[in-house]
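Here are a few notes on the aromatic side chains, jotted down while going through the model. Have it open next to you as you read.

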Amino acid sequence: MCGIPEELWPELIESFEDWKDKDNDPRFDGAETDDYYALLENPYRTKNGPLDTVEELLLVKGFSRAILFGGSLTLGPEEPPVEIRGIAPFLTVYGEDGKLNVN
């Protein structure tokens, strides 16, 4: 999908699910406030609700400007950068029930 390596998908999907769910139980590849966001240099809390903007994904673990808008993504110090096309053009926060429409 848009050049995003498949090995990143579980973290992106589960972190997004944790961002919007109402509980504080992190999924296996996800992140909640107490186990990730509160430990950051500039800590913040998970939303525990639907996104207000697509750009809000930049607050979610694993998402970056390259993933959202396109650009080079470095996966590791020994690996060459991967070019990503960006998923933002395919996303909206407007839809039925206020859910993110990833289709």
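1. Bear in mind that this is a predicted model. Going by ring centres within 6.5 Å, there are four aromatic pairs. Trp19 and Tyr44 make one of them: the ring centres are 6.2 Å apart and the planes sit at 70°, so this pair is edge-to-face, given that over 60 degrees counts as such.

2. How buried or exposed are the two partners? Trp19 and Tyr44 come out on opposite sides of the 20% cut-off for buried. Trp19 has 2% relative accessibility, so it counts as buried. Tyr44 has a relative accessible area of 27%, so it is partly exposed.

3. Next, have a look at Tyr36 and Tyr37. Their ring centres are 4.9 Å apart with the planes at 85°, so this pair is edge-to-face too. Tyr37 is buried, at 0% relative accessibility, whereas Tyr36 is partly exposed at 27%.

4. Tyr36 has a charged neighbour as well: the charged end of Lys61 sits over the Tyr36 ring, 5.1 Å from the ring centre.

5. Which residues form the aromatic cluster? Trp19, Tyr36, Tyr37 and Tyr44 make up one cluster, so the two pairs described above, Trp19 with Tyr44 and Tyr36 with Tyr37, both belong to it.

Conventions: Residues are numbered from 1 along each chain as its sequence is written. This is a predicted model: local features need pLDDT of at least 70, side-chain atom pairs count only at pLDDT 80 or more; totals for chains, interfaces and linings use all residues. Side-chain values use heavy atoms; hydrogens and water are left out. Rings of Phe, Tyr and Trp (its six-membered ring) pair if their centres lie within 6.5 Å; planes under 30 degrees apart count as stacked, over 60 as edge-to-face and the rest as tilted. Buried means under 20% relative accessible area, exposed over 50%, partly exposed in between (1.4 Å probe, protein chains only). A charge sits over a ring if NZ of Lys or CZ of Arg is within 6 Å of the ring centre and within 35 degrees of the ring normal.
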